[in-house]
Amino acid sequence: MAPSATTQSPPPPVAAEIAISTKQKQKQKKDENPPQVQSLGKTKDGRDLKIRTYPKFETLEEERLYRKQHLAAAFRVFADRGFDEGVAGHISVRDPILTDHFWLNPLSMHFSLIKVSDLVLVDEDGLVVEGDEPINTAAFTIHSAIHRARPDANAACHAHSVYGKAFAAFGRPLEMLTQDSLRFYRSHAVYGSFGGVVVGREEGDRIARALGPTNKAAILQNHGLLTVGRSVDEAAFWFLSLERTCQAQLLADAAAVGSGHPKKLIPDEEAEYAVQEVGGPEKGWLAFQPYYDEQVAKTGGAFLK
């Protein structure tokens, strides 16, 4: 007896979705333009809650004060994480009025003590325009070269942090091992040389060239980490994240050797999309705001004086 004929019904939507190849999904994602900041901000009564953004200023003097306040906060945040080491380490922010000048930390003041009134304004020749303390020669050499070469980089951070120094000893780029490492996907460089303490303009220019026209970070071989941003908030957060990414890389490298398990790298197709979600300037600025708020709460705003 012949088996009875049956009619196959079309697969349900879930099965159809599963049938889409990974490549097709990746192409769909790459064609999208994801938001830099992912949030849910609709209330039950229909109001839209606003995401914090870089403020708009009525005058350049107001913006100058804002930049100085956030620069002072960045030093306090770095101090809390042990990024200080003697007189090494510096953060700069471009002055919004005298745009070929920038603000720096005084040479021998601990990061944890820096206030707005302690900051030093220097010109393109390294002459102190405002402030009562000298500045670090290497700070001027590195930061002046970056600010000259990168008009988009209003701020730059460099410090001799422990994991940054350890990873820099290898003179190699980061692997895309974690979601957080994707902040630096195809946006960090390696300066594969060590020229001693950076006191000559030529060495500063070489570092700026290695950083390149668009990267947000550089790993300076045998030296440490360097990050830049449109705001000091952004540059400081990239530095915090880069230091922890170096730590994660070192731990993963050691664990892979010890366990024999290979590391699983994030594919380029996924990384190209995700970097837009985690590595944009708006996200970098926003990610620093909790640290700024913490400093205001911890110090009662003492660094703002």
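Contact here means heavy atoms within 4.5 Å. With that in hand, I opened this predicted model and began my notes.

**Entry one: the overall chain.** I counted nine helices and eight strands in the chain. Of its 305 residues, 44% count as buried. I also looked up the accessible surface, which comes to about 16100 Å², with 55% of that belonging to carbon and sulfur atoms. Among contacts with a separation of 6 or more, 70% join residues 24 or more positions apart.

**Entry two: helix 3 and helix 9.** I turned to helix 3 (residues 60-80) and helix 9 (residues 281-299), whose axes come within 9 Å and cross at roughly 80°. Angles of 65 to 115 degrees count as roughly perpendicular, so helix 3 is roughly perpendicular to helix 9. Which residues meet there? From helix 3 I noted Y66, Q69, H70 and R76, among others, and from helix 9 a set including W285, F288, Y292 and K298. By class, this contact has eight nonpolar, five polar and three charged residues.

Next I looked for the largest nonpolar core and found 47 residues in it, with L71, F78, I91 and L174 having the most contacts inside. Several elements each supply at least two of its residues, including helix 3, strand 1 (90-94) and helix 9. Which element gives the largest share? That is helix 7, with 10 residues. I then followed I91, and among the residues it touches are L71, F78, W103 and V232. Last, I noted a second, separate core of 15 residues, which includes A145, V198, A208 and L226.

Notes. Residues numbered from 1 in each chain as written. Predicted model: local features only at pLDDT ≥ 70, side-chain atom pairs only at ≥ 80, totals over all residues. Heavy atoms only, no water. Axes fitted to C-alpha atoms, helices over the stretch in contact; angles between N-to-C directions. Helix = DSSP H or I, 4+ residues; strand = E, 2+ residues; numbered from the N terminus. Parallel < 35°, antiparallel > 145°, perpendicular 65-115°, else oblique. Nonpolar A, V, L, I, M, F, W, Y, C, P; charged D, E, K, R; others polar. Core = buried A, V, L, I, M, F, W, Y, C linked by side-chain atoms within 4.5 Å. Buried < 20%, exposed > 50% of the residue type's maximum accessible area, 1.4 Å probe, protein only. Areas by Shrake-Rupley, 256 points an atom, 1.4 Å probe, with all protein chains shown as cover. Lists of a residue's contacts leave out its neighbours within four places in sequence.
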